[in-house]
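Here is a short briefing to read alongside the model. It takes up a helix pair and then some aromatic rings.

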Amino acid sequence: MKKLLLSLAVSSILSSPAIAVTIDVDINETKQTIHSFGASDAWSINPTINKWQAEGNEEAIANLADLLFSTDNGIGLSAWRFNIGAGSAEQGADSFIRDPLRRAELLVPEMGGEIDTTKQRGQIRFMQEAHKRGVNNFVAFSNSPPHYLTKNGLAHPTAADGVGSSNLKAASVDQFSDFLVSVLSYLRSEEVGVPVNYISPINEPTWEWEGQTQEGNRYNMEEVKAVYRSLDKKLVDAGLRYDIHIDGGEVVEYTAALRDSYKRNFDGASQTNGMNSRGVGLYRNYIDELLGDEEIRDIIGNQISLHGYFSDGWSDRLGKLRDMTYDNVKTVSPDAQIWMSEMSILGGAGGVRQFDGHGFDVNDMEYALHIGRIIHRDLTRLNASAWHWWLGLTPYDYKDGMVKIAPSLEADTVQDSKMMWTVGNYSRFIRPGYQRVELNGHDDLKGLMASAYIAPEGKELVVVMVNAGDSSESVNLDVGDAAKISQLATYVTNKDHDLESVPLEQQGDKYIVPPQSTVTFVATL
């Protein structure tokens, strides 16, 4: 079979590449369809945008929105997650959430009341900016029911309050659903004009949420299902059932989602952390319990969202754990979609990364490349359809945000990061509806990793290569005889470039992937 070889070289390379390797791309063998790349507005977006609006600093708002959503001079996120507050901001210090920047406002101030349009205005404005820049996927998510629906009157459980399995009052499930539908209807109204199309009513139900650090709530499996059933009925009653998808699962880590036999095969034990030792219900086996329940599978649209925390420090977690999670899903529901819906760096250093979550150096390429390898493995081994980072903006010296800002929230303290631009090597070019296609090999966590994606109409091919090694890689790109490449553009993120189109020079039948870099090839077919 006649092959087409594309061979280009990055002109800034100083080190000599090794013997060339061949990247075989089969554009006819398709994998998962990509839904979106995204991040969350919790918690600092609201006070930040409120502050800038009060100052009349429209330029700062536009610049931040461009960084996150523009496909011309930003990273082109195609999804945005909106945190539905539970009222800890109004409670202030009485919320027992110590950090004011982690409290959230409440759109419906009293049970059965009307929307207070003065609340969450910063978050809503920023959603509108995202929508103006082409974002059409919006996930509204709730960490806790409104405080007036909880057993202890707070937006999180506390260690000594005896709330048991969940802080949501058993008799208030339908009122919680009514609240969520009221918020969704407001966000989708002409007044706001944002087509919110996903609702995640439960966040990390297996966690204890007793640390007084943020809004949160736990639910055992029966309580999870009760909320999903109630919300589904309320969406039907409101005529929104086919406009808004219930996002199910949202468990804190992949291991919590696994069937017990898979978990024991992975590390020798069933899931025991979080709420599992409390004896107040089931807080694991989410894949089988949700996708294996015909009624619930229909309610959540045959899709499960999983959080990727604690999954990246060691090679077995980056590889075997993702393989097993994918296999568990496909065993239960072969056509189900998997979303990696929240992730940042938690846990200590491991065999793959030599750092923990503390400290956020925006120019740290080691950290940026590690995020590249996480995305690569989530897309190629977990077969995730969506990949959503935790915070879009962080005021903390911690690896939980894409963009950094000082705790003062002053506009002139905003810093983009190498991590953000590395995400952009994927998010700007792999658009909703693209499909991953077969690319053989090149999955070295300490060297070259590569994956490929084709546009719906088959006219564009995107190949993303992460070179975590210290040496250049000389690569032949082989797309077979199924298509011809008429144009090729290359975008580089490394210590010298931030998702920039780098001038290329021809070097025979090879192109060079720089060391310590992420390179995106966009080919017109």
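Contact here means heavy atoms within 4.5 Å. The model is predicted, so please read the values below as computed from that model.

**Helix packing**

- By that rule, Met365, Tyr367, Ala368, Ile371, Gly372, Ile375, His376 and Leu379 in H13 meet Lys418, Met419, Thr422, Val423 and Tyr426 in H14.
- Sorted by class, the contact of H13 with H14 has 9 nonpolar, 3 polar and 1 charged residues.
- Helix H13 spans residues 365-380 and helix H14 spans residues 418-427; their axes lie 8 Å apart, at an angle of about 30 degrees.
- Angles under 35 degrees count as roughly parallel, and H13 and H14 are therefore roughly parallel to each other.
- The crossing in which H13 passes H14 is right-handed.

**Aromatic rings**

- With ring centres within 6.5 Å taken as a pair, the count comes to 13 aromatic pairs.
- In one of them, the rings of Trp43 and Trp390 have centres 5.4 Å apart and planes at 85 degrees, so the pair is edge-to-face, the class for planes over 60 degrees apart.
- This pair links distant parts of the chain, 347 residues apart: Trp43 sits in the loop between strand S4 (36-40) and helix H1 (45-54), and Trp390 belongs to strand S12 (residues 386-394).
- Trp43, Phe141 and Trp390 form one aromatic cluster.

- Buried means under 20% relative accessible area.
- Trp43 has a relative accessible area of 6% and is therefore buried.
- Trp390, with a relative accessible area of 8%, is buried.

Terms used: Residues are numbered from 1 along each chain as its sequence is written. This is a predicted model: local features need pLDDT of at least 70, side-chain atom pairs count only at pLDDT 80 or more; totals for chains, interfaces and linings use all residues. Side-chain values use heavy atoms; hydrogens and water are left out. Axes are lines fitted to C-alpha atoms, for helices over the stretch in contact, and angles run from 0 to 180 degrees between N-to-C directions. Helices (H or I, at least four residues) and strands (E, at least two) are DSSP runs, numbered from the N terminus. Angles under 35 degrees count as roughly parallel, over 145 as roughly antiparallel, 65 to 115 as roughly perpendicular and the rest as oblique. A crossing is left-handed if the near helix is turned anticlockwise from the far one by less than a right angle, and right-handed if clockwise. Ala, Val, Leu, Ile, Met, Phe, Trp, Tyr, Cys and Pro count as nonpolar, Asp, Glu, Lys and Arg as charged, and the others, Gly among them, as polar. Rings of Phe, Tyr and Trp (its six-membered ring) pair if their centres lie within 6.5 Å; planes under 30 degrees apart count as stacked, over 60 as edge-to-face and the rest as tilted. Buried means under 20% relative accessible area, exposed over 50%, partly exposed in between (1.4 Å probe, protein chains only).
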